Amino acid sequence: LLRRLRAMDARSRSGPWTARLLELIAANPGVRAADLAPLFGEEKKPFKARVRRLKELGLTESLRVGYRLSSRGRALL
């Protein structure tokens, strides 16, 4: 899992982002993507795409409104 996250960070044109995004979601559970994206420095659409990538790895969960870390995401942090 850590290798995959490091690879995602390495491929990113904007630099490492996976840990930063996990920390942002951990600190702001249940907050909408439209509100989190500016805190992350991105527009909503690319922000949501990043969250989906982490969700595919089992690290985040979508709530009715916003996101939270899964138990796997919390363990990783």
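Guide: Gladly! A crossing counts as left-handed if the near helix is turned anticlockwise from the far one by less than a right angle, and as right-handed if clockwise. Helices themselves (H or I, at least four residues) are DSSP runs, numbered from the N terminus. In this structure, helix 2 passes helix 3 in a right-handed crossing. Please note that the model is predicted: local features need pLDDT of at least 70, side-chain atom pairs count only at pLDDT 80 or more, and totals for chains, interfaces and linings use all residues. Residues are numbered from 1 along each chain as its sequence is written, and side-chain values use heavy atoms, with hydrogens and water left out.

Visitor: What is the angle between helix 2 and helix 3?

Guide: Axes are lines fitted to C-alpha atoms, for helices over the stretch in contact, and angles run from 0 to 180 degrees between N-to-C directions. Here helix 2 and helix 3 (residues 33-40) meet at about 135°, their axes being 11 Å apart. Angles under 35 degrees count as roughly parallel, over 145 as roughly antiparallel, 65 to 115 as roughly perpendicular and the rest as oblique. Helix 2 and helix 3 are therefore oblique to each other.

Visitor: Which residues make the contact of helix 2 with helix 3?

Guide: With contact meaning heavy atoms within 4.5 Å, helix 2 brings R20, L21, L24 and I25, and helix 3 brings L36, L39 and F40. By class (Ala, Val, Leu, Ile, Met, Phe, Trp, Tyr, Cys and Pro nonpolar; Asp, Glu, Lys and Arg charged; the others, Gly among them, polar), six are nonpolar, none polar and one charged.

Visitor: How is helix 3 set against helix 4?

Guide: Their axes are 9 Å apart, at an angle of about 95°, which makes helix 3 roughly perpendicular to helix 4. A33, A34, L36, A37 and F40 of helix 3 touch K44, F47, K48 and R50 of helix 4. This contact has six nonpolar, no polar and three charged residues.

Visitor: And where do the axes of helix 2 and helix 4 stand?

Guide: The axes of helix 2 (residues 18-27) and helix 4 come within 11 Å and cross at roughly 95°, so helix 2 is roughly perpendicular to helix 4. The contact joins T18, L21, L22, L24 and I25 of helix 2 with F47, R50, V51 and L54 of helix 4. These residues divide into seven nonpolar, one polar and one charged.

Key: Helices (H or I, at least four residues) and strands (E, at least two) are DSSP runs, numbered from the N terminus.
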